[in-house]
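Dear colleague,

Please find the structure below, handed over for your records.

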Amino acid sequence: MNILSELYYKVIGEQPKSVVKLSGDGSNRTYYRLSSNSNSLIGVSGVSFDENNAFISIANVFNECGINAPKVVVVSSDGMHYLLEDLGDDTLFTLLKDSRECGVFNDNDCEMLCHTMELLADIQFKVGEKLDFSVCYPVSDFDRVSVFWDLNYFKYCFLKGVGIEIDEPALEREFNTICSLLMEENDNTFLYRDFQSRNIMWHNNKPYFIDFQGGRRGPIYYDVASFVGQTRAKYSNEVCEKMIDAYLNSLSKYKNIKKELLIEKLNLFRIFRLLQTLGTYGYRGLFERKKAFIDPIPTTLNQIKELLNNYKVSLPYLCIVMAEVASLPRFKPCEYKGLTVDVTSFSYHRGIPDDYSGNGGGFVFDCRAIHNPGRYEEYKKLNGTDTPVIEFLERESNISEFLDNAYAMVDNMVDTYLKRGFTHIQICCGCTGGQHRSVYSAEHIAKHISEKFGVRVNVKHIMLNRSYTIPER
């Protein structure tokens, strides 16, 4: 912060009267607006010299090529801090908020979007011609390694996060197919990598481009797919068609591509880009539990399923995986506005389940103090829904007393949540293996809540790979 103020003084000749921290949208960089009576600049403090250098170098090339980007005003001697031209607060994404919400993009909206897409071709070819790609961070090229970074990001941060079992060799074979197809064509062009409406500032009635520090040499299709297929933008098919036509018209200055071929390529890059997006949603939403990254998951899943069904190259196992994920109760569209109670059994060896509603709270009941039927050979292959295990627990343990205490706590919360109009409670029951005591307890708590309150109850037994819903009454 002090360094940024010193840089401001060096450029403006006075100390900033106001220093306001800005949202970084999950970035590891920190942004500030430093201003005095007549001057305002954006200060950036990074954590990586190479990343900072990539942004500064690319920004300079953008400006050399006559492409609107924030001008780098001054850089600290260690390269870790710099000041930028202040472009205001309006992004293309925020300007289109009302249009997204009503589902109608007017002529002015389309003009802004199409103009942005026209400039993309200039960015790709003009910057690609002038840029020294060795400055790019973290790699200089869209290559096989970087493709698998994104595919594995999807696998480990999303698929593993939702907890489904996958056939890894089958998935890897299809990842190899995707990678080979993505690498078929690669001009000496600049790949922005995060080209989407949140990274387009609208300043003086013109688009200005930001957040390109991850750019590298790569195929032209990636950025077109990123922009047109941005999940949260909610562009209609008609608007997408207009944007693609605008891009093709501008692209013709550099390269002639038939529209049919472009769309075919875009489908694959959109699939790839959406898989990478799900990796982000998995990390930010399922791991960091940020609700804003959980809400778009169902829409993204549906987009990928539709693209896979229409794509000419068969990716059968990925289709199966996407269908299985989309069928999970947490990702199914729900018009029910009343209270839903999620009751889950789990093993402490696997950890306490996440609350995917984003609300947090609820109850976790530790069932490990109850006499364990899993210690006895005759019960090891059974679970808490099997009659012999039920009879053992009710005869040889204090599980009834345990559940009576649990009911008293749960009843109070359900009753309060109903009165206050809340929509979700999570209740988890855990034991050592997640097979006997926790399953029995979860089953009985779910039945008790349903019978007493008539609310919707989702039941999931993680270690049994079994789930069902008791509908509201």
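This is a predicted model: local features need pLDDT of at least 70, side-chain atom pairs count only at pLDDT 80 or more; totals for chains, interfaces and linings use all residues.

Residues are numbered from 1 along each chain as its sequence is written, and side-chain values use heavy atoms, with hydrogens and water left out.

Five strands form an open, antiparallel sheet in the order 1-2-3-5-4; helices (H or I, at least four residues) and strands (E, at least two) are DSSP runs numbered from the N terminus, and two strands pair if DSSP finds at least two bridges between them. Strand 1 (18-22) and strand 4 (72-75) are the edges, each pairing on one side only. Strand 4 joins strand 5 (residues 81-85) through three antiparallel bridges, and V74 stands opposite L83 of strand 5. Helix 1 (residues 2-12) packs on this sheet, touching strands 1, 2, 3, 4 and 5, with its direction at about 50° to that of strand 5 (contact: heavy atoms within 4.5 Å; angles run from 0 to 180 degrees between N-to-C directions of lines fitted to C-alpha atoms, for helices over the stretch in contact).

A further open sheet has five strands in the order 11-12-10-13-14, with mixed pairing. Its edges are strand 11 (363-366) and strand 14 (466-470). Helix 15 (residues 399-420) lies across strands 11 and 12, at about 180° to strand 11.

With kind regards
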